[in-house]
Amino acid sequence: MSQLTVTALQLGLLVLLWLFVLGVVGVLRRDLFGARTPAPAAAARAEPQQVTPRPAPAPAPEAAPRPAVERPRSLVVVEGPLAGTRLPLDDSPVLLGRAQDCTLVLGDDYASGHHARLLPVPGSASGWALEDLGSTNGTSVGRGGASSRVSGSVPVGVGSVVKIGRTTLELRA
């Protein structure tokens, strides 16, 4: 083999090694600091929604009054390192993850830095929505035994069970 071929192979391997190292650093950065997501206020400014008022329908005379849907007032850690922890819910978003700037800091190795967010949804029946923030291991939500993986924003209410890594959370009244 000529000296030129050997040098070209060495440079090619060096480039591949650096690409691998930069890829590992990028994955570690995302895991430690979380994916960058816009703040709820910035997202609202970026995507203005047009609301057209509609006339209210006349109530039927024989319609029975609907029972009021109860809004969750607290988030309780049912299983995991923080079992028994209760977080009261007010009208501000709740950030869940391992990072120190999260509202509820999970001591769970399977949770991402900024794993998921609970957002108040004014005017909705349940009052809250759960959003996965691009976590590595995902977030699941359900009631009873059935659960499904969260993609995008999912409405949650009283009795909803949220699973993040080895931590299980429940929304309670």
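The model is predicted, so to speak of local features a pLDDT of at least 70 is needed, side-chain atom pairs count only at pLDDT 80 or more, and totals for chains, interfaces and linings use all residues. Numbering runs from 1 along each chain as its sequence is written, and side-chain values use heavy atoms, with hydrogens and water left out.

Start with the packing. A nonpolar core here is a set of buried Ala, Val, Leu, Ile, Met, Phe, Trp, Tyr and Cys residues joined through side-chain atoms within 4.5 Å; buried means under 20% relative accessible area, exposed over 50%, and partly exposed in between (1.4 Å probe, protein chains only). The largest such core has 20 residues, and Leu75, Leu96, Leu104, Leu118, Leu130, Ile164 and Leu169 touch the most other members. Elements giving two or more residues to this core include strand 1 (74-79), strand 5 (116-120) and strand 6 (128-132); strands are DSSP runs of E, at least two residues, numbered from the N terminus. Leaving aside residues up to four places away in sequence, Leu130 touches Arg117, Leu118, Val141 and Val162, among others (contact: heavy atoms within 4.5 Å).

Now the charges. There are two salt bridges, each a side-chain nitrogen of Lys or Arg within 4 Å of a carboxyl oxygen of Asp or Glu. One pairs Arg117 with Glu131 at 3.3 Å, N to O, linking strand 5 to strand 6 across 14 residues. Arg117 counts as buried at 10% relative accessibility, while Glu131 is partly exposed at 21%. The other joins Arg172 and Glu170, also 3.3 Å, N to O; Arg172 is partly exposed at 30%, as is Glu170 at 21%.

Technical notes:
Helices (H or I, at least four residues) and strands (E, at least two) are DSSP runs, numbered from the N terminus.
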